[in-house]
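Here are a few notes to read with the model open beside you.

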Amino acid sequence: MKLFKSAELRRAYKELNIINNFESKFQNMSDNELQGMTEIFKRRLEKGEELADIRPEAFALTREVTSRLLNKRPFDVQMLGGLILDYGSVAEMRTGEGKTIASIAPVYLNALAGKGVIVSTVNEYLTERDAEETSIVHNFLGLSVGVNKRDISTSMKRDAYHSDITYSVHSEIGFDYLKDNMVNTIELKVQRKFNFALIDEVDSILIDEARTPLIVTGGNSTSSAIYEASDNFVKSLSKKDYEIDGESKSIQLTEEGMNKAAKFFGVKNIFEMQNSDIVHRIQNSLRANYVMARDADYIVVDDKVKIVDAFTGRVMEGRSFSDGLHQAIQAKEHVKIEPETKTLATITYQNLFRMFSKLSGMTGTGKTEEDEFMDIYNMRVIEIPTNLPIARIDHGNVVYPSLQSKYKAIISDLKDRYQKGQPVLVGTEEVSESEKISNLLKKENIPHTVLNAKQNEQEAEIIAKAGIEKAITIATNMAGRGTDIKPTPKSIEAGGLYVLGTNISEARRIDNQLKGRSGRQGDIGESRFYLSLEDKLISRFSNQPKLVKAFKDHGDNAIKSRAVVRAMRTAQIKIEGFNFDARKNVLQYDDVIRQQRDLIYAQRDIIIGQEDLKDVISRMILSVVKDLVNDNDFTAVRNKDNSLNIEKLVDISNKVWFSVNGPKITFEMINGKTNEEIVDVIAKELISAYELIRQNTSTNTSEETMHSMERETVLKTFDENWQLHIDKMTKLKTSSSMASYAQKNPYQVYVEQGAIHFNELLKRISHNAIKLITLNHYGRDPEIVAEEIRLIEESREKFNQERNEEIQKAIQEFEVKTRNVPADDDSPEEQKNENPQINTEEKLEKTVANDEEKSNETELENFAVKEDDSKLNESKSPEKVATTKKAATTKKAATAKKTATTKKAATTKKASTAKKTATTKKASTAKKTSTTKKTSTTKKASTAKKTETTKKT
């Protein structure tokens, strides 16, 4: 295999020679000496050497350890691949060339720096498999290896991320990052600063999945009836009411459709800004019904809609289509509509992985996407030579006039291969297509196995058997499955693995990945793709009607026209461009959010990282005062000519900021002063008021509680407003697309409006936080708080005393009634009334207890009603404050003890009375039963004797 040697590859070859020269040195070392090299390397790095300085020796070391422990000496090409990875590029290594082994050396080298290395994989099966194999080497050399999975505890995740090397599914890295920026304390974070990431199947993660951002959602927001209404409307449309762009898979209403929508939803103009939500729902329903295909874009399992990864054929567990599209599909399929949740946090894969200081990746096919890797990630794609020459025969594509003729040719080919004993891997594009071919093979009585999103759990088992003689495996989007198919000796004799593609993919590299399943490590094999003029790719990107008409009399014979083959290739390249533009568009919009997100998360880290937020809150105070005085948006303190109304400013300042400890700002203090002087006066007074609130809160509770209150207030304000902002930006993205009707650039509108929304967000955060902090009623004068608590305790003591008297009176009345009951045990009246009397007493005590509880709640409500402007104190009751007052606590304890003693006496008396009654009744019942039994026995004996005498006669 001859390759053009780039500058990086030439550099790698030079370093490979140095690595090979070190090989004998490490071969002569004992195991203990090899293990000691890790500490030697770390000391050299501490003394100032760079990773590049020790790279050749580190690579040679891992090569020797891999040979000893795994019985696999890394080939030169694998060492080349490892070097390219360490350079921060993409190493394109063909299927079966051993990418996992190639990754060991660069991962080990970068882990020596002690900053952490993350190896990202496409699924948890590969995560565990690769971690298990490579950890043998890394653990031997003294490095720790952690595995991060979806369903593990927070502490286990933290341990995994703080290992020297972390293996994780790519999506989990993103979700953990978002969740880390939603915690309330620094200790709850699981990740550390991103250092070096090595991505397996890098094109699958950074290219294919980059179109869908990662989203953390929560909170119900929309009724299912809205989706059903939109679905019913869309299903009532005719084809003239909407237009579908086959190339971009976009859909929109025609003018007739818009008029129908306005009439259906009872609005004048469907595209007015206030109707943007309706447009959004209709758009989702249109996509769900006329663009999204069942068993292609998604499947329905157990009445649940699950997304199918278009490039791997796997179900994307835990993922859903965003912005209400998932709910629109659920309405279409008539399954339970899950509540649409608002976005709490979101990030794209592009922006997630661009945060790493160093990034590299490996794949079987990535060269066709090199421009995108360079443009977005600044990574070159370097082709690594194969260890052995490729012996696979790649036959040219075969094109047929219709789908029917194509499937007929496919089944004929499969029958021949089966009779020959050659294993076949059939690659299909959609789940429905794999099932169709399966049904055709069943009619021919040809044994086969199906692997698609519906059989995802059996993947490893199915693939393990795909290389045996006569095996036919039908797989949906087999590309990137991460498991090698190993032909048996008999299969090799029959021609090796035969790859049969039923369509060309939207990207050439996906087709190359499918071909690469055959012919690994110099094995023989074959590949061929069957196409038709009715394939979806042709219908979207070529003049299909013209081609179909040209070959309508061709029958079932294959088309051998070069023009048709060129049309297929042109369509494929065209759609690659569309997909690149779509990913770039997603990134472009997310870049706007990224800048805002970085600022919010940085501020959030400062808050959770500090014990005392006094300085942060003081800066917030200065900011909000400046806004109030200088910003014309605050119309409540302005006259009609926008001049500052001093009286209103004083009134509002005192109501909003100084209500806890009384008014602080007077008209005379700021009248006649400039805006800057007014800001200084109010800010100084507000900071003084804030410091007093802090001091009082600390006295009334504790210093630790005071700090906790401040942190919770600021963080809650941050998070709630940030989530509202994300929701606004999501809707802005949808509505800005309508700007094109007004001859405006939608992206420019999004940027401009987004900046306005973000400035509003920053103001809201500061104003809301300061309002809540200054309304903290724990910040009042401790004597006032203590007096309120004293009054509450007195009221409670009085209430308890009155209730105790009522209980004693009720018990006495009950005893009188009990003594007046007739003592005749056989009395039916007594039996009738016995349970009601006891139940009455039980009900009485329950009523008293409930009244007491309600009274306590009423007292607490009377105290809390003074705090209704502050959400800080919802989880804190005045009793907590009372615990700091020794006198109040002692009094409360004495009262409780007295109440308990009274209740105990009453309970004892009641138990004694009940016991006496029960004993009397029991004795009477026993006596009566005994008499009855005796009579019955005598009667029975007499009858038996008489019968016996009669028998004898």
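1. A quick definition before we start: a residue is called buried when its relative accessible area is under 20%, exposed when that area is over 50%, and partly exposed in between. Keep in mind, too, that this is a predicted model.

2. Now try Arg509 and Asp203: their side chains form a salt bridge, with N and O 3.0 Å apart. Arg509 belongs to helix α20 (residues 508-515) and Asp203 to helix α9 (residues 202-208), so this pair ties together parts that are 306 residues apart in sequence. Both Arg509 and Asp203 are buried.

3. Next, have a look at Lys240 and Glu256, another salt bridge, this one at 3.8 Å from N to O. Lys240 sits in the loop between α10 (224-235) and β7 (242-245), while Glu256 is in helix α11 (residues 255-265), so the parts being tied together are 16 residues apart in sequence. Lys240 is exposed, at 53% relative accessible area, and Glu256 is partly exposed, at 41%.

4. Then there's Arg694 with Asp612, a salt bridge whose closest N and O atoms are 3.2 Å apart. Helix α27 (residues 675-700) holds Arg694, and the loop between α23 (562-608) and α24 (614-630) holds Asp612, so the pair ties together parts 82 residues apart in sequence. Arg694 counts as buried because its relative accessibility is 11%, whereas Asp612, at 34%, counts as partly exposed.

5. Which residues are linked in a network of salt bridges? Find Glu15, Arg55, Asp86 and Lys358. For the overall tally, the count comes to 52 salt bridges.

Conventions:
Residues are numbered from 1 along each chain as its sequence is written. This is a predicted model: local features need pLDDT of at least 70, side-chain atom pairs count only at pLDDT 80 or more; totals for chains, interfaces and linings use all residues. Side-chain values use heavy atoms; hydrogens and water are left out. A salt bridge is a side-chain nitrogen of Lys or Arg within 4 Å of a carboxyl oxygen of Asp or Glu. Helices (H or I, at least four residues) and strands (E, at least two) are DSSP runs, numbered from the N terminus. Buried means under 20% relative accessible area, exposed over 50%, partly exposed in between (1.4 Å probe, protein chains only).
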